[in-house]
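Dear colleague,

Please find the structure below. My notes on it follow directly after.

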Amino acid sequence: MTKAPGRIGEEAFSASPTEGTGSLSRRRTLLATGAAGLAAALPRGTSAQQPQRTPPAPDRPRGQVIVGLSQEPTVFNPLMPAIEVDQGVWWNLFSPLWFIDPDGKFVPDLAREIPTVANGGISADGLTWKVRLRPGVKWHDGTPFTAEDVKYTFDLINNTSFRARTRVGHNLLQDITVTAPDEITWRMERAYAPYLSILSLTFIVPKHVLGAASDPNTAPFNTAPVGTGPFRWGSRTPGDNITLTAHTSYHGRGPFLERVVFKYIPDLTVLYTQFRTGQVDYTGIQGISPPFVREARTLRGRTIHLSPTASVESISPNLEFGPLADKQVRQALYMGMNKRAIIDAIYYGLPTPTESFIPRESWAFNPDLPAHRHDPAAANALLDAAGWQRGSDGIRAKNGVRLEFANSTTTGNPVREQAQQLLMQDWRTIGAAMRINNMPAAVIWGEFWQQSRFNSVMVGVNFMLGSDPDVTPRFHSGGIPAKGGRGNNNIQYANPEVDALLVQGATQFDQAARRATYARIQGIIRDDLAILPLFQYAVAEGTKEGLIGYKPNINTSSNCWNIREWYWARAA
Amino acid sequence: MISYLVRRLGQAVLLLLIVSMVGFAILYLAPGGPLSQFAAGTDMSQEDLDRIAEQLGLNRPLPVQYAEWLLRMLTGDWGRSYRDGEPVLYVIGSHLGATLQLMLTATLLAIMIGCWIGILGAIRRYSIFDTLATVGAMVALSIPTFWFGLVAIYVFSVELEWLPSGNRETVGDGSLLDLLRHLILPASVLALVETAIWSRFMRSSMLDVVNQDYIRTARAKGLPEWQVLAGHAMRNAALPMITVVGLQLPTLLGGALVTETVFTWPGMGRLFLDSISYRDYPVVMGILMFSATMVLVGSLLADMLYAVADPRIRLG
Amino acid sequence: MSAAAPAAAPTAGLRVLERFRRHRLAMFGAVTIATLTLACFLGPFLLPFDDTYIDIMQRFAAPFGGAHILGTDELGRDMLARILMGGRVSLLVGFVAMAIGMAVGILVGAVAGYYGGLVGTALMRFVDAVLCFPAIFLLLALAALVEPGLTSITLLIAATAWMDVARIVEGQIRSLRERDFAVAAEVLGATDRYIILRELVPNAVAPIVVAATLNVARAILLESYVSFLGYGIQPPVPSWGNMLNNAQIYLTSAPWLAILPGIAITLAVTSFNFLGDGLRDALDPRMDGR
């Protein structure tokens, strides 16, 4: 989910001996200083942390790292439907043509260079692409990697009988031609700017293995994958762990570890406990739950890293549902919510408040959106003026429509449920009745969400397409599934101006021009309050002392992206 | 005996058919589906979701899907998991070992300790020991297992650092000692409840027997008390326990679910929970049929063992 | 479990009462349940705090330290108020789920036991089939069908608790039916309904009462498991189960959040189990001679 190009402010924290279990006001002052303030106050490496001089990487793979994950990776064909944890494993088994580094720069991987208009890789009209590949790359079984594999990957994604995860972008490909073993060209049906970013998350699969299977959906490859990545498939104990071993002839830097174990620990409390007791070396996806972070920072021999993700938490209203269809109601609700209390108290100040659906690290982020203010009096006045009259029970109504709605989120997330209850009380004071109606993930994201049967949901999603700010599926009126659309516009947002801007942004290749387009889009959506934005998530992840090389990357959907460069600082 | 067996098996097949129909209907009619989890947080569009639902055949009418599933089942094909693409039988098999290991250890512990407590309680009825055992058993049966498990982890792994806080083994270790260290905590937590059940059963069974005529006769004959108890009472008191074993067999699957969750034990309980929250229909149906079969086999086995052990019973 | 002898004689009733009174654990259970029930249903009216009022500045106040006797929870709500209101919900779920389960179980069992034949076989085979589902499967699968809430969770738990009763009742009635007084009633021209309700069911009452008591205990425990597995009662309504579940993450930092509802559940469930055990002994006529 973390895929925005941009800078990363990684902050490593150490225990502060003076910070006891102070009162809330004291805690709030500390939190208000912000994460950066804390980090600045405490120089790196004060207690049991990375030493000043980073020890060199070993000359051959040594040792192992146990990655604790709260969900189980089960999909190992990188083109099939999967979630983030699966992608975390893919980064270690496979390679894309290029990837985006933590600073937002494109870095060639299987490609020799990034195709641009300047170097002739992309034609001026954006329609013809030519990619030259890195020579000498070998699959895990020793077979050389060639342009045929890239062509096969594209063909497979568009193969009608194959259960490809998504064809967005790939379905524009035409005339894919292998012009040399290390060169491939294709044409695009129309210019599509986000494609470069989409390819940074598209992993190349081996033609000689997968192509030999009768049905790619059930090929043996899917449970014993072969890639070009830094680690090769070891073994899998279903429900427990996946073990990968070093691929010594990897084409890039590393790997420095003999083994990587992805350990499935289905409960965040247990995951944290096992990190605490030393049974996992790194807490991967979902990291450390906010209530544990304070304590985690006091642990000896553990480092807690706070890194932003591209995921934005919001109250997403169904814009066709009764009271929520009224923009003034949404404005009043937004003013009525005590965002600071949610972020500071319930999320312990970890996430950053936001007004946009685009993460602030992205080049497309608009920093000039009006800031939220918590003002229940103004909210009340706005509703009074708009004709929403209070009834005998204190709940407002207008033309027979009560200001009453349900809010849903997935069950089993106690922190989010606390935020819901706080909002419920906040909104009660402005005469709006919110009811909590949570459901298991398989239910809430089924028809209920897909066909827009909800009133409102509390959800954290990466709105962007890969790392590209194109939000056409989310906000274009043609993407409303409940109205026959094919995108992800489940909130049923429709604004002709935004529609036009979205079409414009997807076909612009000049970044300055695109930035202006997406700044406008963010401005309009903030003004319409199509979503009530809460904050941009920051994930707290922990590593064991002596583990070197961890480098969070908002652009790779998983911070397991560079395990190839991790190693232990052990005395040789 | 043969005709009895045939009739019981016939009944079992009928039951399995009903179970499969009810289970299938509940599962497929429930809102949501295996693709839901991709709908909110990934790069998949509604177009992709609809296409894959079509490719998986999820849009066809329910009876058609059931008929197809049933026909394949009859040929021994349990289908493939939606989650990881592995055959259902392999998926079940790969989780069964962990559950068996945990359950058998806990059950053995429970039988040994529980029977001992039960017999002693029955012999010294209303003694302090008996009262304490009764109270203890009742409390053990009343504590929410997950709560007890979490407290146990907190005390023994986090604070005292004696035992690992979960998992079946240290990856890459593989020694017996390592396995045992991981087994102690979850097995003890699970055994707590089981011990309580066994001690209660054993106590009442023993009480029934102690007052039977033949025991009085044995006592009247002047046999020493221990010989009366060991020779006559215990053998007969153990009879009903056979039924208990048979009936406990199916709890092998469901019974450890909570414990497996708390201790991240990769067994059937976890698999079931994950499969149902993913709506992995083939695996959920597979587990359901598997456990229903276990229930039926368990009760049949219990009846037959009982008949073999107690000559007064004739199956017919 | 033995068949109860035809009751009626006042001396027999007194003997049951006397036996029960002597059963100290059962008495303890009965008194505890009565106290808990009273406290949960009256207590909230006497408290100055609302169980859902959030005061974020007062969160995680430790017990016995201020205005909040049992401290406050993760949102600054009064723990005592929440324990009592949670008790209302949990006890209500327990009792109502038991009552529904009993009613369905008795109905199915009585009909199957009395009529026997095709109807009886069909009904009991259905009971067998439902028993083939692991209880947790039934719970989770059915939970997915309905909107989570107080009513639905009660029905769900009831749906997993009627089969045992049906079996007990069916067995009892089938054996009682063959006995003299049922045969006599039939000869005298009593209607089916009369025979079932007036003659057969009362005679099966002993095991039913015991099963009912134990089922309340089971239902309270199941509510907490269902919460643990994420299908529990929706916030902000408290129940012992969801309080316990939400407290997991604060086990080290605010242990009272987990300890209080844990004790409440254990106490209530133990009491019902004691009560059931005592009733079993008291209602068993064989106990007389001992």
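Among contacts in chain B between residues at least 6 apart in sequence, what percentage join residues at least 24 apart? The share is 72%, two residues being in contact if their C-beta atoms, placed from the backbone, lie within 7 Å.

This is a predicted model, in which local features need pLDDT of at least 70 and side-chain atom pairs count only at pLDDT 80 or more, while totals for chains, interfaces and linings use all residues. Residues are numbered from 1 along each chain as its sequence is written, and chains are lettered from A and ligands numbered from 1 in the order in which they are written.

Chain B has 14 helices and zero strands (DSSP runs numbered from the N terminus: helices are H or I with at least four residues, strands E with at least two). Its C-alpha trace spans about 85 × 60 × 35 Å along the principal axes.

The contact between the chains takes 53 residues from chain A and 47 residues from chain B. On the side of chain A that touches chain B, H12(A) gives the most, with nine residues.

In chain A, strand E7 (residues 183-188) pairs with strand E5 (residues 128-132) in the antiparallel sense over five bridges; strands pair if DSSP finds at least two bridges between them. Val131(A) has Ile184(A) as its bridge partner in E7(A). Strand E6 (residues 173-180) of chain A also runs antiparallel to E7(A), joined by five bridges, and Ala180(A) stands opposite Glu183(A). A hairpin of two residues connects E6(A) to E7(A).

With kind regards
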